[in-house]
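I opened the coordinates today to jot down a few things before doing anything else with them. Notes below, in the order I looked.

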Amino acid sequence: MTRAETAPSIVLTRRRTTKLLLALLAVLVSCFFAFPFFWALVTSLKPPEKAFNDAVIPFLQFDPTLDNWSAEFADRGDLISKGLTNSTIAATLSALICVTLGTFAGYSLARATLSEKRTRTVTDWLLSQRLLLPVVVVIPYLLTFRALGLVDNIVALVVAYSVFNLPLAVLVMKDFFADVPVDLEEAAMTDGASQFQAFRTVVLPVVVPGMVATFVLVAAFAWNEFLFALALTYNNATTMPVAIIGAESTRGVEFWYIAVRSLIAMVPPVLLVMFVQRYIVRGLSMGAVKG
Amino acid sequence: MNVSLARIVVGAVVAISLVASGCGDDDDTQGADASVKPGELRKFDGETINIATLAAGPKGVISGVVYKHRDEWERKTGAKVEVSEIPFGDIQTKIMADLNTGVGNYDAMLAPAWGMGDYVAGDLVESVDQYAEQDGYPEVDVDSVLPAVENLLQWGGTQYAVPFDGDEFLLWYRKDILANAGFKRDFKAEYGYDLPNPPQTIDELIDAAAFFQGKQLPGSSQPGYGIAMSLKSGQGAAHFWYQAIAAPYSILPGDQVDEFHNVFWFDPETMEPLINQPGQVRGLEQLVELAREGGPRAQLSWDLGQSWEAFLSGRAVFTINTADIASGAQSSDAVKGNLGGAPIPGSLEVFNREREAWEKLDEPNVVGNLLGANWNGTVSKLSDNSEAAYSFLAFLAQKERMLDYAYDGADGVDPTSSYQFLKPDGAADVGAYEKAGWSAADAEAYSKAILDNLENVDTYLPYLRTRGTADMFETLDAAVTNTLAGRSPPQEALDGVAEQWTQLVEELGSDEFKEEYQTAIGYGKEPTGP
């Protein structure tokens with residue numbers, strides 16, 4: 001075999017090895033991230049007295065049971081369905097509000113309708129709001145919502161989540177808009193479009209993946225939020241995180257019920273992400289490659 | 001934009017007005033039905049009460065009985081009950097936020113007794129004395145409540161809480177294993193004295209637990225544990241085990257609660273923390289030794305459920321644990337019928353602060369305790385439906401239901417009243433326990449252990465229930481778990497606690513706190529309970 005013949009074969013082998021290594025790495029990373037899910041699933045299928053032992057392989061190391069699931073649906077069905085409904089409403093509405101307002105605000109900041117100094121001041125201010133510890137504002141929120149008669153009302157959570165997550169949405173959207181060439185708008189305006197028309201018909205379609213990614217990000221924050229949900233709700237507006245932590249009893253943490261509730265709580269976000277996955281990937285990679 | 005803003009402002013004003021008009025609704029006549037017939041419950045038609053309690057669901061501990069009995073009360077009174085479940089770790093914070101901010105969503109609280117200081121100091125709960133003599137409320141047999149438990153219902157002689165649950169830490173053990181001839185022989189050969197059945201002192205307990213640690217126990221395929229405790233860091237409960245072990249070394253019995261007798265937390269005159277005194281430090285040293293020599297290393301990460309599991313699976317010979325583990329034992333093949341129970345062992349020496357010396361004793365200094373949450377019912381002062389709220393709490397505390405709680409045990413509501421204990425000390429019949437699935441011997445052990453802990457001791461571990469209790473427990477728990485993990489020596493850890501408590505007392509106001517503390521521990525009175 002000549003050197004000319006062996007060279008492509010070496011390259012091919014190298015490529016295959018690289019692919020194999022990458023696949024192996026992908027499997028390892030996937031295992032790492034899937035482990036909590038796996039652990040929750042296994043724990044949910046174990047009887048409580050076996051929850052803390054080392055057995056992880058169903059049928060081989062322990063006899064799986066659906067008792068925890070059936071007990072949860074029978075005794076805590078109301079709590080779970082209420083939690084899922086409230087979490088869905090709070091996460092969806094607050095994410096919609098954040099994305100809507102964040103889109104307009106982000107566009108304004110990206111296009112520097114203010115002076116550069118003021119734009120930076122506004123951006124810093126927004127960033128500082130994001131860094132604010134939530135516990136600082138819990139009691140003021142409680143007093144405000146008490147005055148408005150909104151304690152234990154899902155509206156309070158929607159407002160709280162929107163206010164708290166809006167800075168994030170603005171900053172993320174600002175970056176997405178910054179990646180869209182101004183030339184596109186200018187071309188549209190040269191053709192007679194107003195700035196709003198250019199924004200609506202030219203820029204907005206380009207940043208849809210970014211809007212979807214922001215929506216998912218904000219919805220995830222709202223979905224997982226615990227402190228406001230605990231402080232501002234009592235019965236009617238409780239969310240899934242409150243329901244999950246409710247499995248901590250005087251006799252310790254009932255991990256088998258936590259596992260069931262956590263797995264149920266994962267379903268809506270997972271479905272959402274599966275549904276909008278292509279937008280998220282495009283959104284997250286926007287601006288990553290510049291020609 | 002302006003229109004929207006105007007709408008929000010108008011909406012806010014209207015909402016505030018509605019809230020204000022609701023708060024000002026002083027319709028006291030709503031529940032005061034003067035024509036109520038004897039034996040009937042007062043009607044509260046159309047009222048809804050909101051009760052805050054543990055998030056454990058319709059079949060869980062504490063909240064389970066609220067769900068179980070609410071329908072019957074609703075039928076009898078015409079009112080409705082909403083149950084607000086709060087996760088255990090957040091219950092005090094959440095209730096205090098509701099009461100302190102004036103939100104007032106809760107009409108009643110079925111919550112741990114350690115919140116009483118916060119409630120009373122803040123004038124946040126109603127005295128329930130006012131209802132006791134009125135017609136139309138469920139009759140609560142307060143006279144049957146053990147004096148030790150009764151203390152926790154009161155503050156300065158006024159009753160603020162409706163009796164419900166009494167918690168305590170006791171020594172639970174396997175009678176069959178302690179009676180095993182082979183183990184008795186081996187123990188005597190190794191330690192030079194008879195295997196104590198049960199241990200009378202902490203030293204004996206350490207020896208016995210160390211002896212069994214790692215031994216093969218009958219009926220178990222794995223090496224056994226001497227003792228099982230829940231010493232998990234960050235769980236906020238390890239300090240209870242410390243208190244149980246430290247009390248005999250640090251609480252000097254006496255005829256009354258004074259500066260040197262029957263106190264544990266602070267010097268009631270100077271308000272100096274006592275937590276780093278020699279008795280308390282010895283207690284922590286003993287807990288470290290008990291945990292290290294007598295149990296698995298894993299118990300440093302066990303929560304209460306895991307310590308239960310270790311004992312109920314038949315793997316541990318001893319456990320220091322809550323009373324309701326006895327009901328759990330009734331579904332354990334290994335433990336049912338073999339359960340032994342006793343107060344926490346004492347010590348043959350106690351530190352006398354007056355003389356600044358250790359005092360030797362002929363009999364072990366056994367200290368009674370009410371360690372744990374002790375869930376009791378209180379009525380919020382912010383409630384518009386306080387009469388209905390009291391009625392429901394009293395309904396839950398009626399004798400027929402309290403007997404059910406005791407027989408059940410799994411509901412987490414432990415006995416507080418003499419009629420729940422077995423004859424001849426109490427009035428309950430062992431047959432009722434057997435009918436509920438108990439082994440007669442275990443029911444006897446259960447009843448006797450609780451009564452011995454609450455009635456047959458010379459002194460008690462004062463129940464800390466002042467303002468700031470949650471903070472104090474938190475710092476103490478961190479010190480205890482740090483020491484158990486070997487991160488700091490006992491004296492150093494407890495010195496740190498004392499320093500933080502001193503600062504906390506100053507923040508709370510030394511004079512006010514002193515008065516509050518003295519009231520909480522019954523200063524100057526005969527010690528009748530924690």
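What follows is my notes on chain A as a whole, then on a few residues of chain B.

**Entry 1: what kind of model.** I'm working with a predicted model, so no experiment stands behind these coordinates.

**Entry 2: chain A, overall.** Reading along the sequence, I wrote the order down as α-α-α-α-α-α-α-α-α-α-β-β-α-α.

**Entry 3: chain A, burial and surface.** Of the 291 residues in chain A, 41% are buried. For contacts between residues at least 6 apart in sequence, I found that 76% link residues at least 24 apart.

**Entry 4: cis peptides in chain B.** Which peptide bonds are cis? I noted the one from Asn197(B) to Pro198(B), with omega near 0°. Pro198(B) sits in the loop between α8 (181-191) and α9 (202-212). I also noted the bond from Lys423(B) to Pro424(B), cis with omega near 5°. Pro424(B) is in the loop that runs between α15 (399-408) and α16 (430-435). I flagged these because most peptide bonds are trans.

**Entry 5: positive phi in chain B.** Most residues other than glycine have a negative phi, so I looked for exceptions. Glu356(B) has phi near 50°, and its place is the loop between β10 (349-352) and β11 (357-360). Asn374(B) also has a positive phi, about 50°; this residue lies in the loop between β12 (367-368) and β13 (376-379). Are they buried or exposed? Glu356(B) is exposed, because its relative accessible area is 64% and the cut-off is over 50%. Asn374(B) is buried, at 0% relative accessibility.

**Entry 6: Ser332(B).** Last, I went to the loop between α13 (325-328) and β9 (339-342) of chain B, where Ser332(B) lies. Ser332(B) counts as buried, because its relative accessible area is 5% and the limit is under 20%. What lies 2.5 Å from a polar atom of its side chain? For Ser332(B), I found the backbone oxygen of Leu312(B) at that distance.

Conventions:
Residues numbered from 1 in each chain as written. Chains lettered and ligands numbered in written order. Predicted model: local features only at pLDDT ≥ 70, side-chain atom pairs only at ≥ 80, totals over all residues. Heavy atoms only, no water. Helix = DSSP H or I, 4+ residues; strand = E, 2+ residues; numbered from the N terminus. Buried < 20%, exposed > 50% of the residue type's maximum accessible area, 1.4 Å probe, protein only. Polar contact = N/O pair within 3.5 Å; in protein donor to acceptor, adjacent residues only side chain to side chain. Contact = heavy atoms within 4.5 Å.
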